[in-house]
Structure formats: structure tokens, C-alpha cells
Amino acid sequence: MIISMKKGATAEQIEHVKEIIESFGYRVHESRGTERVIFGAIGDERGKEKLTCLEAQPGVEKVIPILTPYKLASRETKPEPTKIDLGMGVTVGNKQLLIIAGPCAVESREQILDVAQAIKESGAHMLRGGAFKPRTSPYSFQGLQNDGLVLLGMAKEQYGIPVITEVMDIASIEIISDYVDCLQVGARNIQNFQLLKEVGKTKKPVLLKRGLSTTIEEFLMSAEYVLSGGNSQVILCERGIRTFETATRNTLDLSAVPVLKEKTHLPVIVDPSHGTGHARYVEPMAYAAIAAGADGLMIEVHPKPEEALSDGPQSLRPAEFRKMMEGLKRIASAIGREI
Ligand code: PEP
Ligand code: MN
């Protein structure tokens, strides 16, 4: 339920209402806007009659049910957009767009340092690179594992850029958290509820990638798992869904951007690399994503895509990435945003 306080409610009235909600056994999510305070009462819906009576309390304007199954992720509970601090002065969810770039997988010291330097010089804000790779075939390159984390840490240090990598299982959350600024949960694990619960207990920002056949509501329920664990720093990433179309690796669902922005206060970014599977489609779809209102992008960049151990065909060369960044600056300024 949502308990909306009146514009002129006093601090005592607000505090008192909060105490009553808690005394009913609900978790209180507080949202302080410029004009009023809104409480989200999160818990068992069966006790909602008790909450309805709060309308009689001084300072309360109205008590209304939260209609969506995702309570904490919903715009109803928190109308203002969520801004997330990713460290080293990098944020997402405000006027400034977040550009994450880097190779699909960390392959060597030289490779990750080369990419880190190139993307930083072109204006990217965060370095990506998989250390533990979710590959369709057990015979494909599985990532450098812990050595990959060390190399990411090295690139972070050398170029002063925050880093993100995928966490595939509960056992590696702790070691990965020692090296990176943001934990990525990949498309294949987006409904691994145990993993979501565990990343929800950490204090690291979490990037959730939409699954190959995840509806928007299911995607928001995955976010709800992390939020309900106590971690409010969740970023959503549209990365394409599986359809009948085979011309592209996935079908990049850009309509998910305005839909998600309407339904949730969480930042939304787009990955046109996995979304299309072909380097030549990345630039146009990156432009379209920003024009559609995305808060940022995740782009695969490799110094030599033809030698990449994974996802070479969809990786941009550093020079192509630089050119794309120039175009993005023009799109961003046309819609009142910055890179
Ligand atoms: C990735 O970003 O490295 C990745 C594997 O993407 P996804 O989970 O979206 O397939
Ligand atoms: Mn990849």
C-alpha cells in the first residue's frame, strides 16, 4: 500500500505514521519528494485493511494500493528517478549518460589495458570485461576467472576508471566484489532467484540484464528480488530478446526503454552489442537507444575483433567506438543530455 502524506504534514505526523506502519509488521519505504512524503508499506497484502484506516490519521492524505506486483521497483512507490553512484565520480540516472565499454572477456593484460586506455580517451565512464563467461558450449573459452579479476583491477588502477564484471554464481560474489564497482547478472541468470537474493545482500550496485525470454514484468520482479534484499542500487539493461528473426543475434527491444522508464524509477541502459550481434548495427542502435530515453549504453570493444576469444563479430574496434562517441554527443545534446 502507498500512504501519501499531505503537503503540509508536520515532521511529528510523518514520524508517527511511519511508526504505525512498522508496528503493523510492514517494511517502510520512504520517498521524500520536493512537496510531500510518500510511504510504501511492503509486506503481506492480507493486512491491508489496517493500513486503510491510516487515512484517519492527521497529516495523511490518502492510502492507495500498489497495483503492480513489484512494489519497490515501481514508480508508484518512488516517483523520482533513482541515481546510482558507481564510484570514481561516475553516476547513472541523471542528465549525464553512462557509457560502459570493453571487451566481452578479459583475455590478457595487454588486451584489457589497451581497451581501457582507448575507451577512456574516447570518453567512456566504466570498463567492462568478463572474467567468468556464461558460454553456450563447455568447449568455448570460459574466461580467465580469478586472473581476469586481477587484470580488471589493474586496468581500474592504471586508468582511474570503475569496472564491472559478471557474477555467475553465489560462491564467487565475494571475490568479485573485492575487485569491481558493479556486479553484473547476465541474461541467463536473470531468474536465478537465489543469486538475486545474494547480490541483494551486498552493498555493490547491480546491473541486471534482461533474459532471452523475460517479459518486462518478470524483469522487474527480478529487480524486486535485489531491492527487497536491501540493495537499492539496481540498473536495468535491455540486451535483446529471442524472436523468430535470425538476421540479428537477438531482437533489441527498444520499446522496453520507454515502458521501463514509465513503470520504474530505476536507471535503464541498453546493450546494442548483444542486442544485434553485428558490429555494423551497433552504432545506429546505440543512437536509437539514447534517443528513446535510455540512461546509458554497454558496448563491446576489442582491439582486434578478428582475434577475440568471444563475441568478436559484435565488437567495435577502438576507432569505431571513438567515432560512435562523437555521434552520441550530438544525439545527447539534441535531447538535453550529456556524455
Ligand atoms: C555479457 O555482457 O558479457 C553477456 C554475456 O551478456 P548477456 O548476459 O546479455 O548475454
Ligand atoms: Mn559478449
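At 46% relative accessibility, Met-88 counts as partly exposed, where buried means under 20% relative accessible area, exposed over 50%, and partly exposed in between (1.4 Å probe, protein chains only). This is a predicted model, in which local features need pLDDT of at least 70 and side-chain atom pairs count only at pLDDT 80 or more, while totals for chains, interfaces and linings use all residues. Residues are numbered from 1 along each chain as its sequence is written, chains are lettered from A and ligands numbered from 1 in the order in which they are written, and side-chain values use heavy atoms, with hydrogens and water left out. Here is a friendly tour, topic by topic.

**Domains**
- The domain assignment gives the protein chain domain 1 (2-64) and domain 2 (84-334); such bounds come from an automatic or database domain assignment.
- Between the C-alpha centres of domain 1 and domain 2 there are 37 Å.

- Four strands make up an open sheet with antiparallel pairing, in the order E2-E3-E1-E4. Helices (H or I, at least four residues) and strands (E, at least two) are DSSP runs numbered from the N terminus, and two strands pair if DSSP finds at least two bridges between them.
- Strand E2 (27-32) and strand E4 (60-64) are the edge strands, each pairing on one side only.
- From one strand to the next, the twist averages 20 degrees.
- Helix H1 (residues 11-23) packs on the sheet and touches strand E1 (2-5), E2, E3 and E4; the direction of H1 makes about 5 degrees with that of E3. Axes here are lines fitted to C-alpha atoms, for helices over the stretch in contact (heavy atoms within 4.5 Å), and angles run from 0 to 180 degrees between N-to-C directions.
- E2 and strand E3 (residues 37-42) run antiparallel and are joined by six bridges. Within this pair, Val-28 has Ala-41 in E3 as its bridge partner.

- Most residues other than glycine have a negative phi.
- Met-88 is not a glycine, yet has a positive phi of about 55 degrees. Its place is in the loop between strand E5 (84-87) and strand E6 (90-92).
- E5 and E6 form a hairpin with two residues between them, and Met-88 is in the turn.
- Three bridges join the antiparallel strands E5 and E6, and Gly-87 stands opposite Val-90 in E6.
- Gln-145, also other than glycine, has a positive phi near 55 degrees. This residue sits in the loop between strand E8 (126-128) and helix H4 (146-159), and Gln-145 counts as partly exposed because its relative accessibility is 34%.

**Helix H10 and its cover**
- In helix H10 (residues 279-291), the buried residues are Ala-279, Val-282, Ala-286, Tyr-287, Ala-289 and Ile-290.
- The cover over these buried residues includes strand E13 (268-270), helix H9 (272-276), strand E14 (296-300) and helix H11 (318-334).
- Gly-293 follows H10 and has a positive phi, near 105 degrees.

**Around Asp-311**
- Asp-311 lies in the loop between E14 and H11, and counts as buried because its relative accessibility is 18%.
- The side chain of Asp-311 makes a polar contact of 3.1 Å with that of Arg-249, and another polar contact of 3.1 Å joins the side chains of Asp-311 and Gln-314. A polar contact is a pair of N or O atoms within 3.5 Å; within protein, one must be able to donate a hydrogen and the other to accept it, and residues adjacent in sequence count only if both atoms are side-chain atoms.
- Leaving aside neighbours within four places in sequence, Asp-311 is in contact with Cys-104, Arg-249, His-274 and Glu-300.
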